[in-house]
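Student: I would like to go through this model with you, beginning with the ligand site. Could you set out the terms before we start?

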Amino acid sequence: MVKLPIYMDHHATTPVDRRVLEAMLPYFCDEFGNAASVTHEFGRRAAEAVERARGQVAALIGAEPREIVFTSGATEANNLAIKGVAWMHASRGRHIITSATEHHAVLDPCRRLEREGWQLTVLPVDRYGLVDPDDVRRAIRPDTVLISIMAANNEIGTIHYVAEIGAIAREHGVLFHTDATQAVGHIPVNVRDWSVDLLSCSAHKLYGPKGVGALYVRRGRPPVRLAPLLDGGGHERGLRSGTLPVPLIVGFGAACQLAGELLEAEMNRLARLRDRLQERILTALEDVYLNGHPQRRLPGNLNLSFAYVDGEALLMSLPEVALSSGSACTSATPHPSHVLEAIGRSEELARASLRFGLGRPNTEEEVDFVAERVVAAVRKLREMSAIWKSRSD
Ligand SMILES: *Cc1c(COP(=O)(O)O)cnc(C)c1O
């Protein structure tokens with residue numbers, strides 16, 4: 001029997017892997033030094049642990065350790081990349097290019113800059129959620145200072161043409177940032193192959209602790225110049241002042257090391273489980289639509305719209321499974337996802353969607369259980385729906 005409830009919302013967050021926790025534990029009570037206090041053994045040991053972790057994070061994305069700036073997470077990394085570039089280059093140009101399906105941690109800093117006088121081009125996506133690299137090329141202007149396009153979408157899993165967009169940015173001498181929070185640790189990521197100048201990621205999306213992430217800042221010519229968000233002790237090469245959270249950073253490093261070792265096997269295992277879940281649901285039910293790209297998507301992602309049912313009602317009828325729906329309930333009146341809207345889903349279908357996020361702990365038994373429950377719940381809700389009845393008559 002499967003243990004309930006089942007967690008299938010790994011795009012929102014992941015549990016800390018036990019091996020990661022083990023690596024972190026010594027750094028709370030015994031190895032508690034301040035990594036900036038290198039005049040004594042306590043500080044030096046903490047600093048060594050941070051540098052080891054920096055190497056582990058860098059290795060997972062094909063970077064050099066000194067290109068990694070630790071932050072509190074991807075939200076901060078995105079803000080540092082976007083505002084940092086905008087502020088530093090304000091006298092040269094004030095145009096930024098991004099896309100319609102970015103995470104709010106990219107869209108909101110861009111919107112704030114827009115209110116403060118910057119100009120924003122928000123590129124559309126096609127019905128699979130992809131930005132056309134030619135659209136990026138056409139949007140570049142003499143005053144463009146930054147292109148920010150995510151690596152993989154957190155709702156529909158679509159994997160963007162990052163390397164193609166990176167090549168275009170480089171050819172035009174425009175800095176390129178990618179929010180790779182859903183990609184790092186889940187698909188191969190290489191900052192050189194992608195020609196990225198700035199890349200954001202977060203530990204808690206890859207079985208590490210919450211509250212730590214990183215911004216990759218390319219070194220070398222031409223230099224990537226950024227203004228910091230925080231002023232203070234000048235930690236992290238002046239880009240992120242504040243005492244380093246050593247246990248979290250050690251956990252982030254361990255999580256990256258582990259993710260690198262497991263990457264291929266987990267990609268195959270999760271894609272197989274995801275395909276099984278998709279097939280079981282699609283063969284049992286009619287009028288179910290796949291959101292995202294059928295091939296270019298994250299191995300653990302499945303996002304479906306179930307016509308003639310309400311997503312919230314569907315979630316409520318599935319108390320044993322932790323999933324998320326296509327409407328954001330962050331406000332009093334849930335509004336449908338901007339991502340589903342951007343790929344052209346009607347408001348109705350956007351509201352009737354579920355996001356399944358499979359992860360490291362999920363098993364085949366859980367997938368079968370979830371498929372069966374979802375099919376039963378959709379059938380039951382449709383039986384009660386007048387529109388469904390009139391449609392089948
Ligand atoms: C989760 C997520 C974020 C936010 O990361 P935090 O570390 O929680 O701030 C940003 N972008 C994407 C694509 C995400 O999935």
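This is a predicted model: local features need pLDDT of at least 70, side-chain atom pairs count only at pLDDT 80 or more; totals for chains, interfaces and linings use all residues.

Student: Which residues surround the ligand?

Tutor: The surrounding residues are Gly73, Ala74, Thr75, His103, Met150, Asn154, Asp179, Thr181, Gln182, Ser202, His204 and Lys205.

Student: And how does that shell divide by class, nonpolar, polar and charged?

Tutor: The shell around the ligand comprises 8 polar, 2 nonpolar and 2 charged residues.

Student: What is the distance from a ligand oxygen to the side chain of Thr75?

Tutor: An oxygen atom of the ligand lies 2.6 Å from an N or O atom in the Thr75 side chain. For Ser202, a side-chain N or O atom is likewise 2.6 Å from an oxygen atom of the ligand. Ala74 takes part through its backbone, where a polar atom is 2.9 Å from a ligand oxygen.

Student: How much of the ligand's accessible area does the protein cover?

Tutor: On its own the ligand has 380 Å² of accessible area, and the protein covers 87% of that.

Student: Turning to the fold, how many helices and strands does the chain have?

Tutor: There are 13 helices and 15 strands in the chain.

Student: What does the radius of gyration say about the chain?

Tutor: The chain has 22 Å, which agrees with a compact globule, because 393 residues in such a globule would give a value near 21 Å.

Student: What share of the residues is buried?

Tutor: Buried residues account for 56% of the 393 in the chain.

Definitions and conventions: Residues are numbered from 1 along each chain as its sequence is written. Side-chain values use heavy atoms; hydrogens and water are left out. A residue is near a molecule or strand if one of its heavy atoms lies within 4 Å of it. A polar contact is a pair of N or O atoms within 3.5 Å; within protein, one must be able to donate a hydrogen and the other to accept it, and residues adjacent in sequence count only if both atoms are side-chain atoms. Accessible areas come from the Shrake-Rupley method with a 1.4 Å probe; for residues, only the protein chains shown count as cover. Ala, Val, Leu, Ile, Met, Phe, Trp, Tyr, Cys and Pro count as nonpolar, Asp, Glu, Lys and Arg as charged, and the others, Gly among them, as polar. Helices (H or I, at least four residues) and strands (E, at least two) are DSSP runs, numbered from the N terminus. The radius of gyration is taken over C-alpha atoms; the globule rule is 2.2 Å times the number of residues to the power 0.38. Buried means under 20% relative accessible area, exposed over 50%, partly exposed in between (1.4 Å probe, protein chains only).
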